[in-house]
Amino acid sequence: MVRMVRLSQGLMRWWSHKSPHLRMYHQWSPPPLTSSQEEVKHHIVDLRSDTVTKPTDGMKKAMMEALLGDDVYREDPTVSELENRMIHLTGKEAALFVPSGTMGNLISLLAHCEHRGSEVLLGDLAHIFLYEQAGMAQLGGIQPHIIPTSHEGTFDAKEVVRRLRDEDVHCPRTTLICLENTHNKCGGKVLPLSWIDEVGEVAKLLGLPVHMDGARLMNASVASGESASRILEACDTASICFSKGLGTPVGSVIVGPEPFMYKALRLRKVLGGGMRQVGMLAAAALYSLDHMVDRLADDHSHAQMLAQAILENGNKIVSCHPSEVHTNIVVVEVNPYVLSPEEFCKRLSVVEEEEKSAVGGSIIVKVLPWTNTAVRFVTHHDISTGDIEAAAAKLKYVIQEIDSKNT
């Protein structure tokens with residue numbers, strides 16, 4: 001047993017090294033604070049993800065005052081209000097509230113690909129492909145067929161035609177195309193509208209539906225100035241998340257045609273996503289639509305501030321290009337010959353006595369290793385301009401410290 005565990009650990013280290021884009025979100029975590037550190041009041045800037053946000057007082061008040069019913073019987077008035085709101089927002093026929101974006105995507109894929117042995121075309125850096133446990137294969141017998149992804153989060157639309165399966169007894173059947181907007185692995189990129197439309201035209205010619213993983217669709221809408229309905233015009237279905245930049249505790253909504261949504265409703269039940277008096281969570285989502293969408297521009301502005309600070313203070317050890325930052329995600333490249341992303345993250349999460357006067361206090365910055373050569377920073381509702389300034393001061397100090405040790 002001990003030998004098997006060691007072998008497994010060794011294989012995982014090798015796999016992570018060979019496939020840097022497969023690094024998991026929670027593969028690394030900051031070290032716990034020591035007892036001496038716990039005695040100090042730290043300024044903690046948590047930039048690991050926009051999922052760490054907490055409900056505002058106004059959101060919690062809306063949750064407490066929500067009208068409730070049994071949503072499995074489709075009798076929760078607040079859920080109905082949210083779903084109707086999302087129908088209007090996206091221009092689709094129907095909507096369904098689900099517990100998470102991962103379940104929203106899985107339900108959508110299962111509803112589109114009703115027969116085992118179906119195949120889905122999607123980018124090789126898609127969240128659905130990298131970070132959703134191959135749910136399509138585990139539970140639906142669906143095979144992903146990946147297409148190389150550009151740094152913009154797009155792929156060559158002509159590749160869809162080239163990779164379409166012939167009607168051959170030896171082959172799976174091409175059934176669906178999946179897109180992602182904004183594109184998480186590509187640093188929160190907003191997909192060009194012209195490209196989405198191009199993929200939609202190709203899909204229409206081939207008779208294939210298009211599903212959009214819109215976990216951060218509202219970030220794309222705010223950054224591009226385009227409405228959600230316009231962005232989704234060429235897409236048949238989409239899953240839109242409320243628990244990221246919009247700041248709610250739980251929940252996503254699937255949108256699409258009426259017949260599709262009946263299949264989605266049945267799948268939600270069998271996957272354990274049927275919730276009873278869930279209007280409290282739907283109320284949080286409604287509140288976010290009223291109060292949290294426009295302010296996403298603040299998150300984007302803070303991301304630009306952070307990227308600019310890294311550009312100004314960076315060197316051959318770390319680098320970042322503000323022009324590559326479209327929304328609230330900043331990917332910082334780390335020179336692996338000097339230090340690993342894990343080492344960089346660990347140093348940002350530690351406070352040393354001599355740095356306090358230089359940075360103006362005891363500052364901890366929480367971030368995640370993203371690949372074997374990069375670290376991801378994500379701005380969100382709980383991060384202020386002051387927090388970004390503190391993070392920039394810490395980054396400047398740490399970069400200079402590392403630089404001095406390697407010159």
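**Exercise 1. Describe the overall build of the protein.**

Step 1. The secondary structure comprises 17 helices and 13 strands, where helices (H or I, at least four residues) and strands (E, at least two) are DSSP runs numbered from the N terminus.

Step 2. The radius of gyration is 22 Å, close to the 22 Å that the globule rule gives for 407 residues, so the protein is as compact as a globular protein of that length. The radius is taken over C-alpha atoms, and the rule is 2.2 Å times the number of residues to the power 0.38.

Step 3. Along the principal axes, the C-alpha atoms fill a box of roughly 65 × 55 × 50 Å.

Step 4. Of the 407 residues, 52% count as buried, that is, under 20% relative accessible area with a 1.4 Å probe and protein chains only.

Step 5. Take the contacts (heavy atoms within 4.5 Å) with a separation of 6 or more: residues 24 or more positions apart account for 75% of them.

Conventions: the model is predicted, local features need pLDDT of at least 70, side-chain atom pairs count only at pLDDT 80 or more, and totals for chains, interfaces and linings use all residues. Residues are numbered from 1 along each chain as its sequence is written, and side-chain values use heavy atoms, with hydrogens and water left out.

**Exercise 2. Find which residues of helix H15 are buried and what they pack against.**

Step 1. Helix H15 spans residues 341-348, and its buried residues are Pro341, Phe344, Cys345, Arg347 and Leu348.

Step 2. Viewed down the axis of H15, these residues fall within an arc of 160°, so they line one face of the helix. The arc is that of the directions from the helix axis to the C-beta atoms.

Step 3. The buried residues of H15 pack against strands E9 (318-319), E10 (329-334), E11 (363-366), E12 (368-371) and E13 (374-378), and against helix H17 (385-405).

**Exercise 3. Locate the cavities and describe their linings.**

Step 1. On a 1 Å grid over the protein atoms alone, a cavity is a set of points where a 1.4 Å probe fits but cannot get out; a pocket is an open set with protein on both sides within 12 Å along at least five of seven lines; lining residues have an atom within 4 Å of a point.

Step 2. A search of the whole structure gives two cavities of 30 Å³ or more.

Step 3. The largest cavity has a volume of about 90 Å³. Its lining has 15 residues, with Gly123, Cys178, Leu179, Glu180 and His183 nearest the centre. Strand E5 (173-180) is one of the elements that supply at least two residues, and E5 gives the most, with three.

Step 4. The second largest cavity holds about 40 Å³. Among its lining residues are Arg216, Met218, Ile240 and Lys244. Helix H10 provides the largest share of this lining, three residues.

**Exercise 4. Characterise the second largest pocket.**

Step 1. The space in this pocket is about 380 Å³.

Step 2. It is lined by 22 residues, and the closest to its centre are Lys185, Cys186, Lys189, Val331 and Glu333.

Step 3. E10 and E12 are the elements that give two or more residues to the lining, and the largest share, four residues, comes from E10.

Definitions and conventions. Buried < 20%, exposed > 50% of the residue type's maximum accessible area, 1.4 Å probe, protein only. Points joined across faces, edges and corners; volume = space filled by probe spheres on them.
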